[in-house]
Amino acid sequence: MFLQLLLSGIAFGSLYALIALAMVIIYKTSEVPNFGQGEMAMLSTFVAFMLLDTYGHSFFVSFSGALVFAAFLGVFLEFVFLRRAKDPNILSLILITLGFEMILYGVASWKWGADQRDLSFPVSDFDLVNIGPAVISYLNLATLLVTLVLMVLLFLFFRYTKVGIAMKATQQNPMAARINGIRVNRILSVTWAMSSTIGAVAGMLLAPVATLDPNLMLEPLLKGFASAVLGGMTTLVGAALGGYMLGIIENLFGGYVSLEFKSIVAFGIIVLVLCFRPSGLFAKHYVRKV
Amino acid sequence: MDMKRDYYEDIQLLDSKVLWFWFLMLIAALATFPFIAPTYYVYMANYMAINVIVTIGLNILVGYTGQISLGHAGFFAIGAYGTVMLMNLLHFPFLLALVAAALIAAFFGFILGLPALRLEGPYLAIATLGFGMAITQVIGRWELFGGRMGVEAPALSFFGIPVTTDLGRYFITATIAFVMVLGARNLMKTRVGRAFIAIRDSDIAAETMGVNLVYYKTLAFAVSAFYTGIAGGLFAFLLGFISPSTFNFILSIYFLAFVIVGGLGSIFGSVMGGIVMTWLLLELDKIQELPFIGGMLISFSENFMTVAGLPNISSIIFGLIIVLLVIFEPLGLYGFWIRTKIYWKTWPF
């Protein structure tokens, strides 16, 4: 029982971790928690659905098509809206992303309505693998693996590629990065593209488990955001760990105490954690000086 | 002119006889409006008055004290459910129940203000958001509160006079809204209001000057929650029926949008924001009935989108309004107002 709850907790947690990573990547460069992340992922998932179902493309083509779409969507939003804000403060940036959220939600529900659809996925949610006394579905296993692979890729990207290092430089100090010849604006666009793509992966992994409708990402986004905050919005590793932790805690609570109040516990824990560690569990808390 | 020579001039409600005249005219217009206008517009005016109260409440927190909140739908729900439950279960009279429910909301605001002392930016956003979600979830699971199915508002009577029409509700709602607007306007001119503004501009500097941060930050949350609670209680009677799904995350965003559109840190702006946005909210649902654009939109929907999803266009327009206002006019409608005023004051030049 415990192992079973733990396993499915990790599977859910990896989705949260993906969304948390996507948010943290943007937060570190643009300094805005992107509330539009969920709807960006939802729209990309719908694009995959459209390519797959309406136009009858193969699975591989439609999913890569959706990822490319996601990347362009990210760049578009950053370039058209976020970059135009003059002298922005944190509140106005948050509001711009909330504005995206509403626009994208409106577009998706206009185009696809409120019907619930099934995204046919080549990996089944019903065939199970035995791991010790517990079982895990192929889909959850795939989710876990994809997440791990993505995380390793991200690690390598930030460690060994030129763009990744430039990105880290921009995150630490945009001005100094600019002086050193990094095109900060272009780096920002790349960041948004990356984050949007990661979010889209999470959306496509989630869609077969949940039902595909415009509300698909509403709760996962909040959970992903919550896990990013739990781990610390400034560390990639922390955000990912926060995602797994949230998934596990939530599932254990749902299994042992009460299934109904599962979601509330997640937020309750976060408020508690924030009371004691205001910048999240794994991030260093900087005290602002006058 | 706008020059203030001493403190008493600053706290005066209206500083000239001409303004007093217009002020009385406004009251007269508000009092005669429901007798002239069709019922639907009276209903709309009620809706507007409620949203004006919420907008001012949220503006006290966001615009004046500089704290973000994504959980105001939670306080709204507490106000609505609190009023209905106090009347249903404990048989409180309406006004007492409304104030008591708003005080409960204020107490929750105080509680939420405690973690807010240490949090800022995204961390505060998620904490308030979690609070809002938790409130609606708890209410939705609690059988006493009618669970998911919601609960019906009891018959409304005001000092023994039964109130059943929009016209009757208008007088209660509009009067309360009017008093709350004046109250907020006066609050901002007092020691408390100035402390809020000092915290917004720099909390460290405010603390150095002797503003008690613990006291004033929690107070800001409590006052804001009180306003929202009052509005929630009125809202329950406007709809006549409340269910937990009404008070979702999107509603909190809408409230924030009202504040932004009106203008951060301005009571007058909040009044405009509440009125204009409520009008848009109610009218955009019927966008396909517009004479020319409606037909175009329907044929566009038939060809590329779905007709069933057409009402969602209001979400797109709302989002666009928020984004464009933040980018081009961060002061919102209040900024427009100020600019027009200055333009006409010096007009030929």
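**Helix α4(B) meets helix α5(B) through residues of both helices.** On the α4(B) side, the contact is made by Phe75(B), Ile78(B), Gly79(B), Gly82(B), Thr83(B), Leu86(B) and Met87(B). They meet Phe94(B), Ala97(B), Leu98(B), Ala100(B), Ala101(B), Ala102(B), Ile104(B), Ala105(B), Phe108(B) and Gly109(B) of α5(B). Two residues count as in contact if their C-beta atoms, placed from the backbone, lie within 7 Å. The model is predicted: local features need pLDDT of at least 70, side-chain atom pairs count only at pLDDT 80 or more, and totals for chains, interfaces and linings use all residues. Residues are numbered from 1 along each chain as its sequence is written, while chains are lettered from A and ligands numbered from 1 in the order in which they are written. Helices (H or I, at least four residues) and strands (E, at least two) are DSSP runs, numbered from the N terminus. α4(B) covers residues 72-89 and α5(B) residues 94-116; the two pack at an angle of about 140°, with their axes 8 Å apart. That makes α4(B) oblique to α5(B). Axes are lines fitted to C-alpha atoms, for helices over the stretch in contact, and angles run from 0 to 180 degrees between N-to-C directions. Angles under 35 degrees count as roughly parallel, over 145 as roughly antiparallel, 65 to 115 as roughly perpendicular and the rest as oblique. The crossing of α4(B) and α5(B) is right-handed (left-handed if the near helix is turned anticlockwise from the far one by less than a right angle, right-handed if clockwise). By class, this contact of α4(B) with α5(B) holds 13 nonpolar, four polar and no charged residues. Ala, Val, Leu, Ile, Met, Phe, Trp, Tyr, Cys and Pro count as nonpolar, Asp, Glu, Lys and Arg as charged, and the others, Gly among them, as polar.

**Helix α3(B) packs on α11(B) at an angle of about 80°.** The axes of α3(B) (residues 39-64) and α11(B) are 9 Å apart. That makes α3(B) roughly perpendicular to α11(B). From α3(B), Asn51(B), Val54(B), Thr55(B), Leu58(B), Asn59(B), Val62(B) and Gly63(B) take part. Their partners in α11(B) are Phe255(B), Leu256(B), Phe258(B), Val259(B) and Gly262(B). Seven of the residues in this contact of α3(B) with α11(B) are nonpolar, five are polar and none is charged.

**Helix α3(A) packs on helix α8(A) with axes 7 Å apart.** α3(A) (residues 59-80) and α8(A) (residues 184-206) form an angle of about 140°. That makes α3(A) oblique to α8(A). The crossing of α3(A) and α8(A) is right-handed. α3(A) contributes Phe63(A), Ala66(A), Leu67(A), Ala70(A), Ala71(A), Leu73(A), Gly74(A), Val75(A), Leu77(A), Glu78(A) and Phe79(A). α8(A) contributes Leu188(A), Ser189(A), Trp192(A), Ala193(A), Ser195(A), Ser196(A), Thr197(A), Gly199(A), Ala200(A) and Met204(A). The contact of α3(A) with α8(A) comprises 14 nonpolar residues, six polar residues and one charged residue.

**Chain B touches chain A through 38 residues, which are in contact with 40 residues of chain A.** The chain B elements that give two or more residues to this side are α6 (122-141), α11 (249-262) and α14 (313-328). α6(B) gives the most, with 12 residues. The side of chain B that touches chain A has 28 nonpolar, eight polar and two charged residues. For the model, ipTM is 0.83 and pTM 0.88.

**Chain A consists of 11 helices and two strands.** The radius of gyration of chain A is 19 Å, close to the 19 Å that the globule rule gives for 290 residues, so chain A is as compact as a globular protein of that length. This radius is taken over C-alpha atoms, and the globule rule is 2.2 Å times the number of residues to the power 0.38. The C-alpha trace of chain A spans about 55 × 50 × 35 Å along its principal axes. Mean pLDDT (the predictor's confidence in each residue, from 0 to 100) is 85 for chain A, with 98% of its residues at 70 or more. Within chain A, confidence is lowest in strand β1 (residues 128-131), with a mean of 75, and highest in α8(A), at 91.

**Chain B consists of 15 helices and four strands.** Its radius of gyration is 21 Å, close to the 20 Å that the globule rule gives for 349 residues, so chain B is as compact as a globular protein of that length. The C-alpha trace of chain B spans about 60 × 55 × 45 Å along its principal axes. Chain B has an average pLDDT of 86, and 99% of the residues score at least 70.
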